Amino acid sequence: MRELCVISLAALAAGCASMQPDTAMAGSAGSQAGSRAEASGADNLPVSDRALHDRVFTLDTHVDINEGYATYRLDPGGFTRAQVDLPKMRAGGLDAAFFIVYVGQGTISPIGYEEAARIADEKYEAIMRMVRAYPDQIALATTADEVEAIHASGRRVALIGMENSWPLGEDLSNVEMWADRGVRYMSVTHFGNNQFGGSSNPNLAAGDPPEDPGLTELGRGLIRELNDHGVMVDISHVGKRTMLESIELSRAPVIASHSGVRVLFDHPRNLDDEQLRAIRDNGGVAQMVAFRGYVGEIDPALRAAEQALAVEMGLDTPEGREAAAQEVFDTYRDRLAELRASSGNDVTISDFVDHIDHAVEIAGIDHVGIASDFDGGGGLGGFDDATQTPAVTAELIARGYSEEDIAKIWGGNVLRVMRAVEAAAAR
């Protein structure tokens with residue numbers, strides 16, 4: 001069960017699917033449609049900053065998709081209420097993204113596995129609808145070379161990640177099926193332990209032990225299967241013991257697809273310095289996540305005001321959100337943005353880049369990257385949808401990162417890990 005999560009337009013649409021089950025986190029203010037994107041602060045960058053941004057290949061490793069995606073209800077070919085769609089990617093110079101097959105943790109049973117597989121199939125088909133509908137604008141990549149070739153063609157790049165391995169059930173041959181479909185990273189767990197190992201956020205109400213039990217025997221087999229089929233092992237949302245055991249067992253570099261650093265914000269989802277060093281020593285990459293609730297403490301008064309606004313607008317329940325007209329969402333978005341701006345206490349892009357700085361200090365410039373968790377609750381002040389992607393680059397420039405460093409952080413490090421994983425699978 002989840003408490004009221006009042007938040008972004010994106011998270012409202014998602015039903016807070018990717019959010020912590022025991023915390024009412026505030027996500028993003030949602031996206032700016034049509035000409036509203038032109039008002040983004042990212043559009044007011046110095047010409048030199050925008051030019052550098054446009055030269056650098058940019059890859060966001062975690063973008064969720066919501067119900068009705070790539071249908072008449074939410075067509076990513078136009079400006080939508082989602083934080084990421086094709087026009088926003090173009091406007092913000094976001095070249096590539098991992099779109100996510102996400103399934104929240106449920107019952108570990110044959111019936112649970114069957115339902116999880118059904119949901120995962122729906123998410124996968126939605127991603128493929130987008131790719132098939134707009135082949136002149138975006139294409140699916142399954143290798144690092146394909147990523148570069150599609151980018152060189154002038155199109156956006158879609159990749160697929162799976163958040164939570166629970167839909168695999170207990171049949172590890174399903175890894176090959178998902179790899180054949182194009183999945184290129186798979187997280188061991190999500191919120192709550194599963195058949196493979198321990199979560200960073202065990203579900204105590206469901207009987208999970210408070211201490212991470214580590215990889216199960218089936219989980220050890222999962223790591224080997226992922227290595228064999230060229231799928232990156234994702235250790236975001238994974239308990240520390242399970243995470244370290246996964247790294248020890250993996251013969252290829254791992255990825256933390258969307259995590260923060262714990263020394264700056266003490267959240268179980270975030271990585272401590274030992275974990276960052278383990279990712280470095282493994283040759284992997286830790287993708288820092290731009291999610292308010294993982295980057296910094298959300299002002300309780302602001303959170304309460306956000307919740308009250310959603311209740312006032314009738315957007316605090318799934319039924320209310322389903323029934324709401326677009327004008328209601330538009331008004332909510334505007335009022336939420338005004339609320340955050342007037343509070344002066346929003347978690348901001350500066351706080352986010354502090355996480356990047358610390359991860360670089362501990363793990364090194366070759367082992368850090370960027371993820372938004374857009375449309376799954378992600379976003380923060382100054383980086384609330386894909387149109388504002390250049391603002392992250394501008395903040396990195398302001399902090400003294402070179403173009404070579406920024407290229408590594410924005411995508412080069414992930415491509416290096418992909419190639420290493422591909423090579424390990426070929427052995």
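Which residue's side chain meets that of Arg55 in a salt bridge? The partner is Glu403, at 2.8 Å from N to O. A salt bridge here is a side-chain nitrogen of Lys or Arg within 4 Å of a carboxyl oxygen of Asp or Glu. The pair links distant parts of the chain: Glu403 sits in helix H16 (residues 403-426) and Arg55 in helix H2, 348 residues apart. Helices (H or I, at least four residues) and strands (E, at least two) are DSSP runs, numbered from the N terminus.

This is a predicted model, in which local features need pLDDT of at least 70, side-chain atom pairs count only at pLDDT 80 or more, and totals for chains, interfaces and linings use all residues. Residues are numbered from 1 along each chain as its sequence is written, and side-chain values use heavy atoms, with hydrogens and water left out.

**Confidence**

pLDDT is the predictor's confidence in each residue, from 0 to 100. The chain averages 89, and 90% of the residues score at least 70. Two stretches fall under 50. Over residues 1-7 the pLDDT stays under 50, and the model has 33 contacts there beyond four places in sequence. Contact means heavy atoms within 4.5 Å. Residues 13-39 also have a pLDDT below 50, with 113 contacts beyond near neighbours in sequence.

**Salt bridges**

Side chains of opposite charge can pair when their charged atoms come close. The whole structure holds 26 salt bridges. Three of them are listed here.

| Pair | Closest N to O distance |
|---|---|
| Asp54 and Arg50 | 3.0 Å |
| Lys88 and Asp85 | 2.7 Å |

Accessibility is classed by relative accessible area: buried is under 20%, exposed is over 50%, and partly exposed is in between (1.4 Å probe, protein chains only). In the pair that opened this report, Glu403 is partly exposed because its relative accessible area is 32%. Arg55 has 52%, so Arg55 counts as exposed.

The Asp54 pair is local. Asp54 and Arg50 both lie in helix H2 (residues 47-55), four residues apart, about one turn of the helix. Asp54 is partly exposed, at 46% relative accessibility.

Are Lys88 and Asp85 buried or exposed? Both residues of this pair are buried. Elsewhere, salt bridges that share partners join Asp354, Asp357, Glu395 and Arg399 into one network.

**Helix packing: H11 and H13**

Two packed helices are described by the angle between their axes and the distance between the axes. Helix H11 (residues 300-313) packs against helix H13 (residues 326-343) at an angle of about 160°, with the axes 11 Å apart. H11 is therefore roughly antiparallel to H13. Axes are lines fitted to C-alpha atoms, for helices over the stretch in contact, and angles run from 0 to 180 degrees between N-to-C directions. Angles under 35 degrees count as roughly parallel, over 145 as roughly antiparallel, 65 to 115 as roughly perpendicular and the rest as oblique.

The H11 side of the contact includes Leu302, Ala305, Leu309 and Met313. The H13 side includes Val328, Tyr332, Leu336 and Leu339.

**Single residues**

Thr242 lies in helix H8 (residues 240-249). Its relative accessibility is 0%, so Thr242 counts as buried. Leaving aside neighbours within four places in sequence, Thr242 touches Val188, Gly197, Gly198, Asp212, Gly214 and Leu215.

Glu114 is in helix H4 (residues 110-133). With a relative accessible area of 60%, Glu114 is exposed. Glu114 and Pro167 are 53 residues apart in sequence, and their C-alpha atoms are 7.4 Å apart.

**Backbone with positive phi**

Most residues other than glycine have a negative phi, and most peptide bonds are trans. Which loop holds Ala70? Ala70 lies between S1 and H3. Its phi is positive, about 60°, although Ala70 is not a glycine. Ala70 is buried, at 16% relative accessibility. Asn66 is in this loop, between strand S1 (59-63) and helix H3 (86-92), and counts as buried at 9%.

Asn164 also has a positive phi, about 95°, and is not a glycine. Asn164 lies in the loop between strand S4 (156-163) and helix H6 (174-181). At 0% relative accessibility, Asn164 counts as buried.
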